[in-house]
Amino acid sequence: MASREIVRYRSPLRSVLQGLSILFLIFFFVWTVLPLFIMVVSSFKDLLDAFQLPEPGDWGDLGVMFDFKPTGTHYVELFTEKHFGTYLRNSLIASLGSAAVSVSLGSMAAYALSRAEFRGKRDLLFWIISTRMAPVVAVMVPLYVIFRSSGLVGTLPGLILAYTTFNLPFAIWILKGFFDNVPYAIEEAAQCDGCTRWQAFRLIIPLVAPGLGAFIVLCVLFGWNDFLFATIIGSGGAKTLPVATAELVQPVKIQWGMIMAAGVVTTVPMMFLGLLIRRYLVAGLTMGAVRE
Amino acid sequence: MATVTISDVWKYYGKTMAVKELNLEIQNNEFMCILGPSGCGKSSTLRMLAGLEFISSGDIYFDDVRVNDLPPRDRDIAMVFENYALYPHKTVYENMANPLKLRRTPKDEIERRVRRAAEILEIDPLLGRKPVELSGGQKQRTAIGRAIVREPKVFLFDEPIAHLDAKLRSHMRGELKHLQRDLETTTVYVTHDQLEGMSMADRIAVMHEGVLQQLGTPEEIYNRPSNEFVAGFVGEPPMNFLDCTLEQTNVGLTVVHAGFRLSLSEEQASLLSGSGAEANMRIGIRPDNLAIEPGADGTLDVPGEIFVTEPLGGDMIVEVTIGGDRVMVKTKIGPMGGPGDPCRIGFDVDKLHVFDINTGVAYF
């Protein structure tokens with residue numbers, strides 16, 4: 001393999017740029033991590049402690065932010081009074097369900113589009129992705145009408161279907177790239193070995209596993225973080241975490257502690273998912289792009 | 001073990017013709033080589049035999065069974081691909097075991113057969129490795145191993161050793177030939193390398209632009225090429241071609257070129273006169289059938305001028321200009337002089353080939 005060393009020479013300009021980039025990184029770190037930090041810390045404070053903030057500019061008084069007795073009441077309340085257990089379950093079912101449907105249908109469609117040649121293939125591919133070009137809001141009203149007349153509003157299958165309509169085109173496009181990179185000769189060899197077409201397809205699935213893994217994450221994230229579909233299509237029977245969290249903001253009383261706790265409950269599973277398939281995610285998102 | 005019959009087979013890709021009216025019978029246990037340049041239709045033919053491509057028209061039979069409509073898995077063939085096509089996520093052992101597993105062979109039988117094939121191919125220490133950890137030669141052995149673990153009716157080889165380096169290629173030629181004799185299985189071997197065809201095959205089918213040019217043993221193909229294409233394709237260095245005219249003189253039929261005159265034998269003359277050959281024609285002579293001596297006053301007939309010499313160790317190839325045309329001469333290495341030096345050339349007239357200047361068909 002060729003050397004990948006990036007050659008750098010010292011120069012005054014470079015030193016200045018280096019200093020600036022370190023400054024930027026510090027700022028960026030605070031910018032991204034501080035909100036998360038405040039969210040986690042505040043979720044363990046009661047309402048009074050949560051508003052103990054230092055005066056602006058008074059750096060010596062930073063300690064008051066940490067001067068509190070940790071309490072788990074917000075979490076307990078969320079899961080006992082506010083039924084967050086159910087919403088967590090709904091969120092998981094809707095996002096994982098949609099990911100499963102999108103990936104299984106998407107991989108088959110992508111495989112077909114990758115292997116078969118037919119007239120209008122390019123147009124078909126473009127049409128598939130063009131369904132993602134309209135903003136969700138634009139299609140929401142007609143979609144709602146269709147879903148309502150089919151009795152899908154307020155149900156988990158309805159929500160899964162709604163997410164799948166948006167994930168599937170994306171799945172087909174990403175996965176097609178992965179299948180394109182698997183030499184067809186491998187399937188031909190498999191057929192000569194005694195595989196049917198279907199068995200040959202299944203045989204090469206491990207070769208696109210990084211793509212499938214990366215795509216499952218993207219699908220899950222889309223469903224997990226979605227608010228618009230969840231409020232409109234999922235409202236009622238299929239309430240998910242983001243919607244439930246928003247409902248904690250009531251006209252008379254904004255329950256900051258519980259909102260923060262809900263934020264943590266919503267964030268943690270996705271962080272674990274990210275850590276779990278971080279390796280795949282990077283390999284997956286870049287692998288389709290570069291032909292070896 | 002099977003006889004393979006290709007009967008009136010055509011292959012089109014859209015409007016492009018890849019194979020034209022091919023008729024070929026491959027005997028039981030025969031090693032048949034389909035030889036030709038890229039795009040000659042040889043791979044298409046092999047892929048139609050494998051069932052990886054549809055036959056546009058015509059029939060293919062394995063023994064007496066018409067296989068046109070059978071998918072690859074039902075044809076009982078084993079194919080080795082040019083780029084090996086191993087399963088990258090499986091080990092060498094799993095790669096080789098796959099065909100057996102698909103046929104529900106008992107586990108201990110799989111183990112026994114894979115180990116046996118690995119031993120034959122000398123890859124038994126590699127069974128636990130993945131294809132990325134293998135060299136080109138090892139990958140190719142694994143691919144062959146995957147083919148020989150079971151006993152298929154027909155082996156199909158699609159340029160299996162084209163990507164190996166020269167030394168390994170010459171080694172594998174011998175091994176493959178030995179293996180085929182050992183396994184006694186009908187084999188179709190596709191290659192563009194005439195050396196592979198000549199050295200391994202029982203019979204060679206030379207194809208060009210989708211058309212079968214000649215079918216014969218390596219000896220027949222080399223010594224009695226049916227046309228100019230076959231003559232030029234087979235043999236290294238390639239045959240020399242020179243445009244000449246025919247003259248009837250008092251010593252018989254004579255080939256006349258700007259640089260020389262050659263009298264044909266009576267037998268050769270009779271072959272020409274009966275066939276309606278025209279005055280203009282093309283002669284072909286292999287570099288091995290030309291003799292050369294350095295200097296202007298040797299005993300050989302034809303004067304020439306050295307263009308360049310290419311020593312090859314034991315032999316050398318001398319390019320010589322004769323009457324405005326250039327020919328290659330193969331000779332034992334020795335002092336020959338440099339570019340521009342005079343030399344003399346001798347033709348072995350018995351080994352001369354004569355082709356129709358328009359159609360390229362060989363008279364002899």
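Predicted model: local features only at pLDDT ≥ 70, side-chain atom pairs only at ≥ 80, totals over all residues.
I started with chain A and looked up how its two domains touch: eight residues of domain 1 of chain A are in contact with six residues of domain 2 of chain A. Contact here has a cut-off: the C-beta atoms of the two residues, placed from the backbone, lie within 7 Å. Residues are numbered from 1 along each chain as its sequence is written, and chains are lettered from A and ligands numbered from 1 in the order in which they are written.

**Chain A, domains**

I checked the bounds next: domain 1 of chain A covers 12–71 and domain 2 covers 75–287. Such bounds come from an automatic or database domain assignment. Between the C-alpha centres of these two domains of chain A I read 34 Å.

Which element gives the largest share of the side of domain 1 of chain A that touches domain 2 of chain A? I found α1(A), with four residues. Helices are DSSP runs of H or I with at least four residues, strands are runs of E with at least two, and both are numbered from the N terminus. I also sorted that side of domain 1 of chain A by class and got four nonpolar, two polar and two charged residues. For the classes, Ala, Val, Leu, Ile, Met, Phe, Trp, Tyr, Cys and Pro count as nonpolar, Asp, Glu, Lys and Arg as charged, and the others, Gly among them, as polar.

**Chain A, helices**

I then followed helix α1 (residues 12–43) of chain A to helix α13 (residues 256–276) of chain A: their axes come within 8 Å and cross at roughly 120 degrees. An axis is a line fitted to C-alpha atoms, for helices over the stretch in contact, and angles run from 0 to 180 degrees between N-to-C directions. Angles under 35 degrees count as roughly parallel, over 145 as roughly antiparallel, 65 to 115 as roughly perpendicular and the rest as oblique. So α1(A) and α13(A) are oblique to each other.

On the α1(A) side I listed Met39(A), Val40(A), Ser42(A) and Ser43(A), and among their partners in α13(A) are Trp256(A) and Met260(A). By class, this contact of α1(A) with α13(A) has six nonpolar, four polar and no charged residues.

Helix α3 (residues 73–80) of chain A also meets α13(A): the axes come within 9 Å and cross at roughly 75 degrees. That makes α3(A) roughly perpendicular to α13(A). From α3(A) I wrote down His74(A), Tyr75(A), Glu77(A) and Leu78(A), which meet α13(A) residues including Met258(A) and Val265(A). The contact of α3(A) with α13(A) divides into six nonpolar, two polar and one charged residue.

**Where the chains meet**

I looked up how many residues each chain brings to the contact: 14 from chain A and 19 from chain B. Helix α8 (residues 184–193) of chain A gives the most to the side of chain A that touches chain B, with seven residues. That side of chain A has nine nonpolar, three polar and two charged residues.

**Chain B**

Chain B is divided into domain 1 (4–233) and domain 2 (240–356), with C-alpha centres 39 Å apart. I found five residues of domain 1 of chain B in contact with five residues of domain 2 of chain B.

I traced an open sheet of five strands in chain B, in the order β13-β12-β11-β14-β20, with antiparallel pairing. Two strands pair if DSSP finds at least two bridges between them. The edge strands are β13 (260–263) and β20 (353–356) of chain B, each pairing on one side only. Inside this sheet, six bridges join β11 (residues 240–249) of chain B to β14 (residues 280–285) of chain B. The bridge partner of Phe241(B) in β14(B) is Gly284(B).

I looked at β19 (residues 342–347) of chain B too: β15 (residues 290–294) of chain B pairs with β19(B) in the antiparallel sense over five bridges. Ala291(B) has Gly346(B) as its bridge partner in β19(B). Four bridges join β16 (residues 302–311) of chain B to β19(B), also antiparallel, and Pro303(B) stands opposite Arg344(B).

Last, two backbone details. Which peptide bond did I note as cis? The bond joining Glu236(B) and Pro237(B) is cis, with omega about -5 degrees, and Pro237(B) sits in the loop between α8 (228–233) and β11 of chain B. Ala85(B) has phi near 50 degrees, a positive value in a residue other than glycine.
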